Amino acid sequence: MNVEITELTRRFGRNQAVAGVNLQAGTGVYGLLGPNGAGKTTLLRMMATVIPPTSGRVRLLGRDPRAYGPRREVRRRLGYLPQNLGYYPGFTVVEFVEYFALLKEMPAARVPAAVATAVERVDLGGRAKAKLRTLSGGMLRRVGIAQAIVNEPELLLLDEPTAGLDPEQRVAFRALLRDLGQRATVVVSTHLVEDVGAACSEVALMDQGKIVFQGTPAELTARGTEQGTGDAPLERGYTAVLAAARS
Amino acid sequence: MSDNDPSLRECPADVDLGRVWTSVAAQVWRRQPGWLERAAGRLLRSPGLARALLTTPSLLLPWLIASIVVLAAGAGATLDSGQPVVALLAPAVAAAAIAYSYGPGIDPAWELSCSMAVSDRMVLLVRALAVFAVNALLGLAASAVSAGLTGPGRPGAAAASGAAAAVTFGWLIPMTAVCAFALAVATLARSANVGAAAGVAGWLITVLSGRVASGHFGAAVTDTVLFLPYLAIGVTCAAVAVFATRIPRGRYR
């Protein structure tokens, strides 16, 4: 298992953002669904070793990230796309991706080929030398995805990766996710249930800091056959599980 | 690409054109690091830190804020106040400005930086060195230019030359040396905290040894009037250390 989370909690003052989450994840694409404020981003930030848990246990790629050495090893093998990733406007696409490849301590000789591969995979080859200030929001999001995958991570954490992408780009991105999920653990936090249905092998639904459902997209869909509201079967499953959790 | 393309018909079936293109793209897009970046990479044992060092001035808004505060603190530190407090407080102010500018305050990619293998504190140390070193070079240039303009009937140029030289030689160059020392220690010890502690100790020794040379050391350490400012310095340094390395809503220690 690349991700082993046991009774994980995180408090911000009086607010309990994550309240006793248990999660195991091996290779594959895992969708993290939930309403605003459910705790998805906080959970992802803890998995990205950006913030520590208040209590509970996290093991990533077989290591305990509390100690500096193992945390550094995890970070070398980690790809992370934050929800609100800012960009250096004076950098080009290649410079930005290269900068973070170097900060991930990739061997310098491997960096140019890795950067080219990542930039091509997000279909930004035609804008590789463009300054980030000249790119659209969707293109910037793809730059963020490129920096996340540049080191061919064993653990890839993506927070709202399809925000700002047009439908064509989202379809291409789902294909990329499925491909990455064959070799790595990919955790995708999203509001868009159709992304989960199309790309994820498993899904966890969070509400009020807790995981209230864990299973396959088909199992989530099945929960919505009798109740739940929404235009798509998966949406009905989503709303039905949330309603049951809150009742 | 179409299979009917005549130029591709002779391409062997086992050639992966995608990989070929990526290899070509890697060569075309490849950025050749300059001699300074290569040397910094070797000295710091990290191409990532070398890149951070060289890109520091190109992050314009953080650079401007950090430079303005550093120069203001330097102007205060080089005033002949007769007290060592100002000289001790100035680096804390400068460090706070650099930490804010290149930290969670303004750096748009700070959260991402916090998930990187290269320590964000090491990156901040490198940024501090870059801010002081480039401003020291600019200060040297300003001193030289204003010295060249001095002459009879130009008292303003002489005053400007004196002020630029005082800030450059009394503040920017010594602080560049302190930052370089801190970074060297941090690289050797593989710990940004150890490096920062060495830098603080180095500056304290520099300032207090100046008091020894002028025969005021005893007053500098026993004068009860100075205890409160010293306490303020200590609290400021601690606040800087915490702020420099925090991320909103907590982070790993």
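With 247 residues, chain A would have a radius of gyration near 18 Å as a compact globule, and its value of 18 Å agrees. That radius is taken over C-alpha atoms, and the globule rule is 2.2 Å times the number of residues to the power 0.38. The model is predicted: local features need pLDDT of at least 70, side-chain atom pairs count only at pLDDT 80 or more, and totals for chains, interfaces and linings use all residues. Residues are numbered from 1 along each chain as its sequence is written, while chains are lettered from A and ligands numbered from 1 in the order in which they are written.

The C-alpha trace of chain A spans about 55 × 40 × 35 Å along its principal axes. Of the 247 residues in chain A, 51% are buried (20 or more other C-beta atoms within 10 Å of the residue's own; exposed means 12 or fewer, partly exposed in between; C-beta atoms are placed from the backbone).

In chain A, 37 residues are in contact with 29 residues of chain B; contact means that the C-beta atoms, placed from the backbone, lie within 7 Å. The side of chain A that touches chain B takes at least two residues from each of H2, E5, H3 and H4 (DSSP runs numbered from the N terminus: helices are H or I, at least four residues; strands are E, at least two). H3(A) gives the most, with seven residues.

| Residue | Phi | C-beta neighbours inside 10 Å | Class |
|---|---|---|---|
| Leu61(A) | near 50° | 19 | partly exposed |
| Glu160(A) | near 50° | 21 | buried |

Leu61(A) lies in the loop between E4 and H2, and Glu160(A) in the loop between E6 and H6.

Technical notes:
Two residues are in contact if their C-beta atoms, placed from the backbone, lie within 7 Å.
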